[in-house]
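I opened my notebook to look around a structure that was new to me. Here is what I looked up, entry by entry.

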Amino acid sequence: MSNGTLPNRSDVWLQSLGWQPTPEQEQQFERLFQQIVQANQQLNLTRITDPPDFWEKHLWDSLVGIAPWLLTESPPQGQVGFSVDNSRPLKVIDIGTGGGFPGLPIAIIKPTWSITLLDATQKKLTFLQQVTAELGLENVGMCCDRAENLGQQSPYRESFDLAVIRAVGPASVCAEYALPLLALQGYAVLYRGQWTTEEQEGLMTALSKLGGELVTVSPVKMPHSQGIRHCIYLRKIKTTDPKFPRRVGVPARKPL
Ligand code: SAH
């Protein structure tokens, strides 16, 4: 069964992010799409396999979160208003990557960055390993573990410049997974759908315990469906107390 091919949306990339992929990167997106659709029959990686939906909800959505790092110039209007150091490659971790989102689209467009894909499920990582080989991505590593374990381990703890995390749990739980893994001044991007004041209050409490601060909450409108998403940017400002992350399962059971 063929699902067709991805739509060409060069103009939409440009309008919405002030950036667009190279033709080679477009081809890698297409190959990623084909591989996922094919493997999905066995692995249940995603419900989103319709080409325009895949483009928007997986590719565009993965990259909108790193909008501040896409350009060397000032961010496009409506995008986040904080500046980042774009002069050096980053060490990135995608926590709970599942079918490779947002980590793989990021790896495709940032070949100088090194990306670690973390997931607790080995069979998903085995698939992602095949995909990265097929796409010729040399900047991607895999790690099969729980974020609660990795966050307590050298050389991972306090070592990443950027952590991205989408659809893994409530914001304060994501913060407990991400902050211990970040180096000082590193950023975490929480990819959220809706965003409420209650969630923000819970997150602020968690951040005060984890050594993080809320940099900004950026609402973004999806270019095709017009759905609203929120990217939450956190920065690590203090070393995280060694008692975090707590043991496997505790962050989700008893959010900070
Ligand atoms: N980020 C992907 C997948 C979301 S599904 C996307 O947005 O499409 C959540 C994934 O997180 C699953 O693959 C699950 O195995 C993984 N996961 C959940 N809790 C985890 C934890 N504590 N440590 C590592 N991986 C975790």
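Which residues is tryptophan 69 in contact with, leaving aside its neighbours within four places in sequence? I found Phe82, Val84, Asn86, Leu90, Lys110, Trp113, Leu162, Tyr187, Val189 and Tyr233; contact means heavy atoms within 4.5 Å.

**How to read my notes.** This is a predicted model, where local features need pLDDT of at least 70 and side-chain atom pairs count only at pLDDT 80 or more, while totals for chains, interfaces and linings use all residues. Residues are numbered from 1 along each chain as its sequence is written, and side-chain values use heavy atoms, with hydrogens and water left out.

**The cores.** Next I looked up the largest nonpolar core, which has 54 residues. A nonpolar core is a set of buried Ala, Val, Leu, Ile, Met, Phe, Trp, Tyr and Cys residues joined through side-chain atoms within 4.5 Å. Buried means under 20% relative accessible area, exposed over 50%, and partly exposed in between (1.4 Å probe, protein chains only). Trp13, Leu32, Ile66, Trp69, Trp113 and Leu162 touch the most other members. Helix H2 gives the most to this core, with 7 residues. I also noted a second, separate core of 30 residues, with Ile95, Ile165, Ala188 and Trp195 among them.

**Helix H1.** Helices here are DSSP runs (H or I, at least four residues), numbered from the N terminus. In H1, residues 10-17, I found Val12, Trp13, Ser16 and Leu17 buried. Seen down the axis of H1, these buried residues fall within an arc of 105°, so they line one face of the helix; the arc is that of the directions from the helix axis to the C-beta atoms. Their cover includes helix H2 (23-43), helix H3 (51-64) and helix H4 (67-70). Just after H1, glycine 18 takes a positive phi of about 65°.

**A glutamine in H2.** Is glutamine 25 buried or exposed? Glutamine 25 sits in helix H2 and is buried, with a relative accessible area of 11%. Leaving aside neighbours within four places in sequence, glutamine 25 is in contact with Trp19, Ile108 and Ile109.

**The ligand.** I counted 16 residues around the ligand, the closest being Gly96, Phe101, Asp119, Ala147 and Arg166; to count, a residue needs a heavy atom within 4 Å. A backbone N or O atom of glycine 96 is 2.8 Å from a ligand nitrogen atom. A polar backbone atom of phenylalanine 101 lies 2.7 Å from a nitrogen atom of the ligand. Taken alone, the ligand exposes 570 Å², and the protein buries 81% of that (Shrake-Rupley method, 1.4 Å probe).

Key
Helix = DSSP H or I, 4+ residues; strand = E, 2+ residues; numbered from the N terminus. Polar contact = N/O pair within 3.5 Å; in protein donor to acceptor, adjacent residues only side chain to side chain.
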